[in-house]
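Hi,

Here is the structure I promised to pass on. Have a look at it first, then read the notes below on the spaces inside it.

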Amino acid sequence: MTAFDLARFGHLIGVMLMFAGLAGVFVCDLRGRRALTMDAARESAALVALFYDGLVVPGAVLLGAAGTWMIWAVHGWDGLFGQPWLLAMVALFALEFVEGNTITRLAFLKLNRLTREAGSVPGAALTQARESRLSVFTHFLDMPILLVIIGLGVFRPMEWAPILIALAGAAGVAAVLTVAVPRFVPWRTGEPGSQVRSRA
């Protein structure tokens, strides 16, 4: 077993952690949208924060550390700029890491805090935080971008055209989810009669 084998194994574990965390965030977010009571909404918001901080962030750190070492060991920093797939992979991971730990993560932390502070019905601040299109878009963009990053590592395109097409596809999927999910799975917490339905 070599150091490269260990790095590759760590890279794989990082991908698995990120996918598991993002899947958990997605499911818990949908569950929170269907919550009829603030107690259920609080539980879902807490689970979203747990998945993000407990799986997504550690997975991203492990993925980034192992990937950086492998790039340095195999290609060197000079070789990074001669291969479009590798350069795009690094750039997308860096952008996703920054975005995920600023816009998306901070939005989920704010949602978790406002949900804890709310009474039996959501207030104006919580409603506004829930309906923020930017945070919803970046949330739905996380998994498609991760799929693009993995695809770059698997197929290793040496032309920019397929890379740009994949990026456009990821953005398109996120845009469709941003519009479709709030429409088909609207926030229900605090609806008139929800307390009665939740006890039925």
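First, the terms: on a 1 Å grid over the protein atoms alone, a cavity is a set of points where a 1.4 Å probe fits but cannot get out, a pocket is an open set with protein on both sides within 12 Å along at least five of seven lines, and lining residues have an atom within 4 Å of a point. Points are joined across faces, edges and corners, and a volume is the space filled by probe spheres set on them.

Bear in mind that this is a predicted model, with local features needing pLDDT of at least 70 and side-chain atom pairs counting only at pLDDT 80 or more, while totals for chains, interfaces and linings use all residues. Residues are numbered from 1 along each chain as its sequence is written, and side-chain values use heavy atoms, with hydrogens and water left out.

The cavities

Searching the whole structure turns up 2 cavities of 30 Å³ or more. The largest holds about 120 Å³ of space, and its lining is made up of M18, L22, Y52, V56, V57, A60, F93, E96, F97, G100, N101 and D142. Helices here are DSSP runs (H or I, at least four residues), numbered from the N terminus. Three of them, α1 (3–33), α2 (38–74) and α4 (84–117), each put at least two residues into that lining, and α4 gives the most, with 5. By class, the lining of the largest cavity has 8 nonpolar, 2 polar and 2 charged residues; Ala, Val, Leu, Ile, Met, Phe, Trp, Tyr, Cys and Pro count as nonpolar, Asp, Glu, Lys and Arg as charged, and the others, Gly among them, as polar.

One of those lining residues deserves a click: E96, which sits in helix α4. Leaving aside neighbours within four places in sequence, E96 is in contact (heavy atoms within 4.5 Å) with D142 and I145.

The second largest cavity has about 90 Å³ of space. Lining it are C28, D29, G32, A41, S44, A45, V48, F108, L111, T115, R130 and W187. Here α1, α2 and α4 are the elements that give two or more residues, and α2 provides the largest share, 4 residues.

The pockets

The largest pocket comes to about 720 Å³. Of the 27 residues lining it, H11, G67, M70, M89 and G153 lie nearest its centre. The largest share, 7 residues, comes from α2, and the lining divides into 19 nonpolar, 6 polar and 2 charged residues.

The second largest pocket has a volume of about 260 Å³. It has 18 lining residues, with A107, A129, R130, S132 and S135 nearest its centre. This time α4 supplies the largest share, 6 residues, and the classes are 9 nonpolar, 5 polar and 4 charged.

Cheers
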